[in-house]
Amino acid sequence: MAHLLHIDSSPLATGSTSKALGQIFRRVWAEEQPQDTVAYRDLGLNPVPYLEEAGIHSQFIPEHARTPEQSAARALRDELAAELVAADTVLLGAPIYNWTVPAQLKTWIDQVTVAGSVLAFGDAPKPLADRPVTILLAYGGDFRPGSEDEKYDYLGPYLRTLFEHTLGMKATIISAHLTIAGKAPGLDHLVDVAAESLKQAEQEVEEQARKLATQF
């Protein structure tokens, strides 16, 4: 039996492409792995607080010497880290905001990368090494390979660097592009391209969920 951690970061309660893709994954996962457990965290609707001074210093101060503020900040970080470490696989949904990750997701990343339990230094083994993470991305514009804006994509490459290089996980990234075509001015001519991108992403999500389910 596997344990899935599902994290959404879009602030939208409805109409979110990344959340919709996540629900496709969850539907297929439940079909293939009905006995598995799932933990869900919606960072958009229930954001975690910013990492502040107390949380940073708590990493370098012995537990007995921490102030009440530092202890409370560390307790939150440990809770988030334990939630991540407990997962056999991770599902993450994110939209691109101003070229990169939304603030809610960046805040979670800052809080959860706790030295020792999640983050390893030097030659120490990485606690999350080789665990699969499926990353579902929604791009309002066109960041597809070969597009004019591909070089300005600081969402997918950033998350791959974090999860693969820093944490040692195995990342699979699936993206839907032009999600605001037909909504934003000047993009009506790209509605068909957007629909095709979304259709392809939905198919890839289904395939990834089924493929991943066979590994557990």
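Q: Contact means that heavy atoms lie within 4.5 Å; which residues does Arg-77 touch, not counting residues up to four places away in sequence?
A: Arg-77 touches Leu-51, Gly-55, Ile-56, Gln-59, Asp-110, Gln-111, Thr-113 and Val-114. This is a predicted model, where local features need pLDDT of at least 70 and side-chain atom pairs count only at pLDDT 80 or more, while totals for chains, interfaces and linings use all residues. Residues are numbered from 1 along each chain as its sequence is written, and side-chain values use heavy atoms, with hydrogens and water left out.

Q: What makes residues 68-85, where Arg-77 lies, helix H3?
A: Helices (H or I, at least four residues) and strands (E, at least two) are DSSP runs, numbered from the N terminus. Arg-77 lies in the run called H3.

Q: Which backbone oxygen lies 2.9 Å from a polar atom of the side chain of Arg-77?
A: That of Gln-111.

Q: Why is Gly-156 called buried?
A: Buried means under 20% relative accessible area, exposed over 50%, and partly exposed in between (1.4 Å probe, protein chains only). Gly-156 has 6% relative accessibility, so the residue counts as buried. Gly-156 is found in helix H5 (residues 156-166) and, leaving aside neighbours within four places in sequence, is in contact with Leu-137, Tyr-139 and Ile-173.

Q: How do you know that the span of helix H6 agrees with its number of residues?
A: The expected span of a helix is 1.5 Å times one less than its number of residues. For the 23 residues of H6 (residues 191-213) this gives 33 Å, and the end C-alpha atoms are 33 Å apart, so the two agree.

Q: What covers the buried residues of H6?
A: The cover includes helix H1 (17-32), strand S3 (89-95), strand S4 (132-138) and strand S5 (170-176). Among the buried residues of H6 are Ala-194, Ser-197, Ala-201 and Val-205. The buried residues of H1, in turn, pack against strand S1 (3-8), strand S2 (37-42), S3, S4, S5 and H6.

Q: Why is the pair of Trp-29 and Phe-216 called edge-to-face?
A: Rings of Phe, Tyr and Trp (its six-membered ring) pair if their centres lie within 6.5 Å; planes under 30 degrees apart count as stacked, over 60 as edge-to-face and the rest as tilted. A search of the whole structure finds five aromatic pairs. In one of them, the rings of Trp-29 and Phe-216 have centres 6.1 Å apart and planes at 70°, so the pair is edge-to-face. The pair links distant parts of the chain, with Trp-29 in helix H1 and Phe-216 in the segment after H6, 187 residues apart. Trp-29 is buried at 2% relative accessible area, whereas Phe-216, at 37%, counts as partly exposed.

Q: What makes the pair of Tyr-139 and Phe-143 tilted?
A: The ring centres of Tyr-139 and Phe-143 are 5.1 Å apart and the planes stand at 35°, so the pair is tilted. Tyr-139 counts as buried at 2% relative accessibility, and Phe-143 at 9%. Trp-99, Tyr-139, Phe-143 and Tyr-152 form one aromatic cluster.

Q: How do you know that Glu-206 and Arg-27 meet in a salt bridge?
A: Their side chains come to 3.0 Å, N to O, and the cut-off is 4 Å, so the pair qualifies. This is one of 12 salt bridges in the structure.

Q: Which residues are linked with Arg-27 in a network of salt bridges?
A: Arg-27 is linked with Glu-31, Glu-32, Glu-206 and Arg-210. The closest N and O atoms of Arg-210 and Glu-31 are 3.6 Å apart.

How values were computed: A polar contact is a pair of N or O atoms within 3.5 Å; within protein, one must be able to donate a hydrogen and the other to accept it, and residues adjacent in sequence count only if both atoms are side-chain atoms. Contact means heavy atoms within 4.5 Å.
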